[in-house]
Amino acid sequence: MIEQGPPPDEHPGAVETAQPPADAPGEPLRALQVSDSQVRTLLNLSRRLAVPGDVYEMMCRVAEAATGLLDCERASIFLYDARTGELWTKVALGATTIRVPSSMGIVGHSFTHNSVVHVPAPYSDPRFNPEPDRRSGFITRNLLSAPMAGLNGAPIGVIQAVNKQRVPFAEKDLSLIQLLADQAGVALQRYELQQQAIEAAALQHEMDLAKRIQQSLVPHAPPDVAGVSCAGWTLPASTTGGDCYDLWKLPDGRLGILVADASGHGLGPALIVTQVRTLVRTLSEIETSPHEILNRVNNRLLQDLSGGQFVTTFLGFLAADGMLHWTSAGHGPLPIRLAPGDTLSNLAPPVPPLGVIEWCEPAPDPFRLEPGGSLLVPSDGIFEAVDERDEQYGAERMCEEFDQYRHESADVIVQALRESVRRWSAGREPLDDQTIVVVKRLR
């Protein structure tokens, strides 16, 4: 990743040339009295840098152009690493990788002051570190360093040329190295933007794939269970959601009812809630008690989830005779009407959400839905939906809507609740995932 350095210091260096603003016109090449060969080298480099490619290959081209244009022995490309606060050699022709604090040495001075630095006698300059020369036997006779900056003028690295052949670096060389640095800086910035676009496209592809997988887990049609009408609907607040529901037929013929809501919304909660669904569906093949199934899932999530994550979950198994075995891990409210003439009541969750603490509470008592009786299992995105004044839809309004359609089918009740919440939110996108499941015993 290409990173920008801190704002440049304003203190002048011992020998340096301040960098012109990024939008200032460069000095005409002919005014610099460069040769035709040097003009061709600069133009050829410009064309090659305009073609997307590997950043290492691009910087190698810049370093090679620097040695040719400036007639020097070596050239290095230093990039800024914001995580460590260092400058490091992405390319170092004729040398090994070097890392230095971004405020130290001659290269650090060029970077922090955002200016070209010419050092004709390095061993006399206190900023120069002679130790690498002592180890390698190389002799540094002169140095020329220039900051590479993006279009906004902030430095992202440094080009350094070492040992001008035969004669010292001249005024013309200071302008030439800055031209190279300007081209390299813009090329690096363009490369970073291209990489960000590629990564964004890849992430969007992964999100779309996750969305398709999650949507494929939503029941396309209610299962055929004698004497029972059921329907469900879910709407994620982002590409993927932290809610899920499932309606399926158990091996013993009962209807399986699952609604789970992982804290938060997005890809992370979507993965968690998908794990819950998978565990529940698998365990329901061998375990007949909803409470015992969620107890096992809770023990699994206690090992898998990090602090602060949890999943509220309702799980029920409804038989054709209306007998409902159920449990709820912190999921509610759960409005229920046992018989058509009864008033609405609410099922209280017997245990906390999954993934919080171990629990050993006994299973809640089962109950019987009489013909015409019904159960609503919403997620909190329904009753916490807000209008333009940030007022919540509320559990009371939700129950009133549920009660108003008590004589309708489960599918009609779901559609009515959806529309009521949509009108309340004035058609705006939800802030939280929304899920509704309605189960009704047929007369």
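1. A contact here means heavy atoms within 4.5 Å. Among contacts in the chain between residues at least 6 apart in sequence, 67% join residues at least 24 apart. Note that the model is predicted.

2. Some overall figures come next. The chain has 443 residues, and 48% of them count as buried. Its secondary structure comprises 10 helices and 17 strands. The accessible surface comes to about 21,000 Å². Carbon and sulfur atoms account for 54% of that surface.

3. Look at helix α3, residues 105–113. It is largely enclosed by the rest of the structure, because 8 of its 9 residues are buried. The buried residues are Ile106, Val107, Gly108, His109, Ser110, Phe111, Thr112 and His113. Asn114 follows α3 and has a positive phi, near 55°.

4. Now helix α10, which spans residues 410–424 and includes Ser420. Is Ser420 buried or exposed? Ser420 has 7% relative accessibility, so it counts as buried; the cut-off for buried is under 20%. Leaving aside residues up to four places away in sequence, Ser420 touches Tyr393 and Glu401.

5. Phe310, Val356 and Ile357 make a nonpolar surface patch of about 240 Å². Where does Val356 lie? Val356 is in the loop between β14 (345–346) and β15 (367–368). Val356 counts as partly exposed because its relative accessibility is 43%. That class lies between buried, under 20%, and exposed, over 50%.

Note on methods:
Residues numbered from 1 in each chain as written. Predicted model: local features only at pLDDT ≥ 70, side-chain atom pairs only at ≥ 80, totals over all residues. Heavy atoms only, no water. Patch = residues over 30% accessible without salt bridge, like charges linked within 9 Å, V, L, I, M, F, W, Y side chains within 5 Å. Areas by Shrake-Rupley, 256 points an atom, 1.4 Å probe, with all protein chains shown as cover. Salt bridge = Lys/Arg side-chain N within 4 Å of Asp/Glu carboxyl O. Helix = DSSP H or I, 4+ residues; strand = E, 2+ residues; numbered from the N terminus. Buried < 20%, exposed > 50% of the residue type's maximum accessible area, 1.4 Å probe, protein only.
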